[in-house]
Amino acid sequence: MTPDNGPLRPQRTAPRDLRGLAQHLSASVAADLDAAVATGITLRSQDVRPGDVFAALPGAATHGAAFAAAARAAGAVALLTDAAGAALAVDAGLPTLVVDDPRRVLGDAAAWLLRTEDAVPLLLGMTGTNGKTTTVTLLDHLLRRLGRRTGISTTAERVVDGVRIPSRLTTPEADELHGLLAAMRERRVDAAAIEVSAQALVRARVAGVRFDVAGFTNLSHDHLDDFGDMATYFAAKAALFEPDRARRGVVSLDSPWGARLAAEARIPVTTVALHGDADWRVAITERSLDGTRFRATAPDGRVLETRVRMLGDHAAADAALAAVMLVEGGVALDAIQEALGDDGFDVAVPGRLERLPSSACGPAVHLDVAHTPDAFEKSLAALRAVTPGRIVMVFGADGDRDPSKRFDMGRVASSTADVVVITDHHSRFEDPEAIRRTLLQGARSTGRAEVLEVPDPGAGIRAAVAMTGPGDAVLWAGTGRTDYRDIGGTKLPYSFHDEARAALAELQATAA
Ligand SMILES: CC(=O)N[C@H]1[C@@H](OP(=O)(O)OP(=O)(O)OC[C@H]2O[C@@H](n3ccc(=O)[nH]c3=O)[C@H](O)[C@@H]2O)O[C@H](CO)[C@@H](O)[C@@H]1O[C@H](C)C(=O)N[C@@H](C)C(=O)N[C@H](CCC(=O)O)C(=O)O
Ligand SMILES: Nc1ncnc2c1ncn2[C@@H]1O[C@H](COP(=O)(O)OP(=O)(O)OP(=O)(O)O)[C@@H](O)[C@H]1O
């Protein structure tokens with residue numbers, strides 16, 4: 001594996017005959033394959049390694065075939081493309097396999113070349129609008145407590161037995177995903193958890209993969225710019241619960257879409273719920289600033305009593321879901337209880353209700369990635385349960401991302417927070433003032449919280465911190481650990497974390 005050189009891949013792969021690949025894909029061959037063999041596959045010319053097939057895909061911005069010569073120079077041995085790509089890349093002179101839709105066959109091609117079927121003994125797939133990264137992190141924590149060698153793929157990073165690289169997408173493209181699975185097999189990883197986005201499911205990024213257990217956290221308003229309506233968004237997620245994608249499923253019933261998924265899935269499904277009836281019922285037994293205790297009761301009455309070192313009932317729901325996924329994956333409940341010991345899920349996810357260090361004179365300041373109305377509701381409820389004083393919430397909304405959720409983000413914020421500070425985050429190609437306007441309309445619609453508009457985010461967090469004191473909480477949502485702001489398509493270095501720390505330090509210096 002070479003973490004400094006693109007995606008994680010195995011060090012060694014046995015070469016495979018390209019005629020065999022053409023046969024496997026029912027591809028036509030536009031140039032003689034001779035006795036060509038390949039050791040890998042990639043769809044990104046910049047990631048080509050000697051011996052790779054370059055999968056040249058048509059895209060929204062360009063056709064990958066335009067980069068065939070660069071791919072060849074980097075060591076590509078063949079092209080996998082469509083007819084238009086084959087015509088475009090003819091001068092590159094590479095042996096070429098032609099299919100109607102190369103994106104659709106990429107996963108099967110990668111699985112065949114890298115022999116990734118059953119590469120990892122226990123493969124877990126996680127989907128849902130909110131809570132995927134949290135649940136994958138909790139799964140990884142629990143698996144390691146059980147003594148397993150693990151791998152994960154999240155919005156933040158890909159990790160194979162401790163070797164980590166930052167992620168480009170929440171769910172990798174199929175070539176990268178199979179490379180990751182092959183690297184996991186090489187490192188003898190025996191359990192892995194992968195975040196699966198709705199975009200990945202509709203764009204065949206998990207093709208050629210069959211999860212042992214698929215998990216569903218919830219579905220709520222997001223990504224309607226991509227999917228149009230909630231039913232289409234649901235259908236995209238539900239594809240993970242088809243027999244070709246997963247052997248069994250664990251579905252949370254905490255959002256109304258869970259019941260529909262459990263009813264419609266064509267694989268065996270076990271349900272979990274904090275509220276109402278389900279196979280596994282979860283009850284919160286204690287909420288404190290140090291974390292959340294809960295009890296999960298199995299269908300046969302056995303009980304898992306434990307805690308998660310994170311705030312919020314939603315974090316306990318994610319932890320219970322992780323535990324039930326492992327039970328469905330064949331791990332004994334007793335073993336889970338024993339592995340969790342007295343500390344429980346003793347892990348916190350960076351940027352998820354992450355509390356900054358502070359002195360006794362300041363408020364509790366939390367950074368959070370929440371960027372949907374439902375996530376706002378959950379994070380605010382978590383803080384409300386442990387905050388004796390006021391809650392001041394600072395947030396903006398991402399430009400060029402589902403504008404239809406913005407009014408509700410403002411409305412939900414002002415339904416629970418005492419003060420709402422609306423600011424700018426990643427305006428991208430939108431007018432930041434227009435983004436704020438909708439958030440403000442939503443925030444003012446409740447007539448409840450005090451609502452402020454502070455366009456500069458550094459000034460916004462300082463205003464929030466300055467109006468609070470001990471016993472109060474500040475929630476800066478939508479930021480997490482992001483270290484840039486995307487303005488007009490340019491990613492400017494910007495640490496929300498550093499800004500929040502500076503605001504807190506200034507308050508403490510003034511108080512001293
Ligand atoms: C809508 C979508 O998913 N688009 C993805 C898609 O873009 P595209 O098909 O339009 O590709 P393109 O940019 O026209 O390029 C065409 C081909 O040329 C290749 N190319 C291009 C340039 C070059 O120099 N060399 C080269 O080989 C590209 O790799 C690509 O295969 O293929 C690209 C290459 O893999 C992705 O980078 C791109 O993701 C974009 C950046 C994206 O933002 N995707 C979002 C919507 C997404 O997938 N998000 C979800 C989660 C969201 C969430 O939960 O919040 C995710 O899983 O990340
Ligand atoms: N089970 C849950 N139900 C509702 N909201 C949740 C749940 N778990 C987490 N959240 C909310 O979602 C936020 C994001 O959590 P997380 O990063 O785990 O989600 P995600 O699905 O990976 O999101 P994304 O991929 O969009 O970053 C949390 O800060 C919290 O506000």
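Before the helix pairs, a word on terms. Each axis is a line fitted to C-alpha atoms, for helices over the stretch in contact, and angles run from 0 to 180 degrees between N-to-C directions. Two packed helices are described by the angle between their axes and the distance between the axes. Keep in mind that this is a predicted model.

So, take helix 16 and helix 17. They pack at an angle of about 40°, and their axes are 9 Å apart. That angle makes helix 16 oblique to helix 17. The crossing of the two is right-handed.

Which residues meet here? From helix 16 come Pro457, Gly458, Ile461, Arg462, Val465 and Ala466. On the helix 17 side they meet Glu499, Ala500, Ala503, Leu504, Glu506 and Leu507. By class, that contact has eight nonpolar, one polar and three charged residues.

Now look at helix 16 by itself. It runs over residues 457-466, and its buried residues are Pro457, Gly460, Ile461, Arg462, Ala464 and Val465. What do those buried residues pack against? Four strands are on the list: strand 20 (364-368), strand 21 (391-395), strand 22 (419-422) and strand 24 (473-477). Helix 17 (496-511) is on it too.

On to the domains. The assignment gives domain 1 (16-114), domain 2 (122-340) and domain 3 (354-511). The C-alpha centres of domain 1 and domain 2 lie 33 Å apart.

Helix 1, residues 18-25, packs with helix 4 at an angle of about 140°, with the axes 10 Å apart. That makes helix 1 oblique to helix 4. The cut-off matters here: an angle has to be over 145 degrees to count as roughly antiparallel. Helix 1 passes helix 4 in a right-handed crossing.

The contact uses Leu21, His24 and Leu25 of helix 1. Helix 4 brings Val105, Asp108, Ala109, Trp112 and Leu113. Sorted by class, the contact of helix 1 with helix 4 has six nonpolar residues, one polar and one charged.

Next, helix 9, residues 230-238. Its buried residues are Tyr233, Ala236, Lys237 and Ala238. They pack against two strands, strand 8 (122-127) and strand 13 (211-216). They also pack against helix 7 (198-202), helix 8 (224-227) and helix 10 (256-264).

Last, a single residue. Leu333 is in helix 12, which covers residues 333-340. Is Leu333 buried or partly exposed? Leu333 has 17 C-beta neighbours inside 10 Å, so it counts as partly exposed; a buried residue would need 20 or more.

What does Leu333 touch? Leaving aside neighbours within four places in sequence, Leu333 is in contact with Ala298, Arg302, Leu304 and Val327.

Notes:
Residues numbered from 1 in each chain as written. Chains lettered and ligands numbered in written order. Predicted model: local features only at pLDDT ≥ 70, side-chain atom pairs only at ≥ 80, totals over all residues. Domains from an automatic or database assignment. Buried ≥ 20, exposed ≤ 12 C-beta atoms within 10 Å, placed from the backbone. Contact = placed C-beta atoms within 7 Å. Parallel < 35°, antiparallel > 145°, perpendicular 65-115°, else oblique. Left-handed = near helix turned anticlockwise from the far one by under 90°. Nonpolar A, V, L, I, M, F, W, Y, C, P; charged D, E, K, R; others polar.
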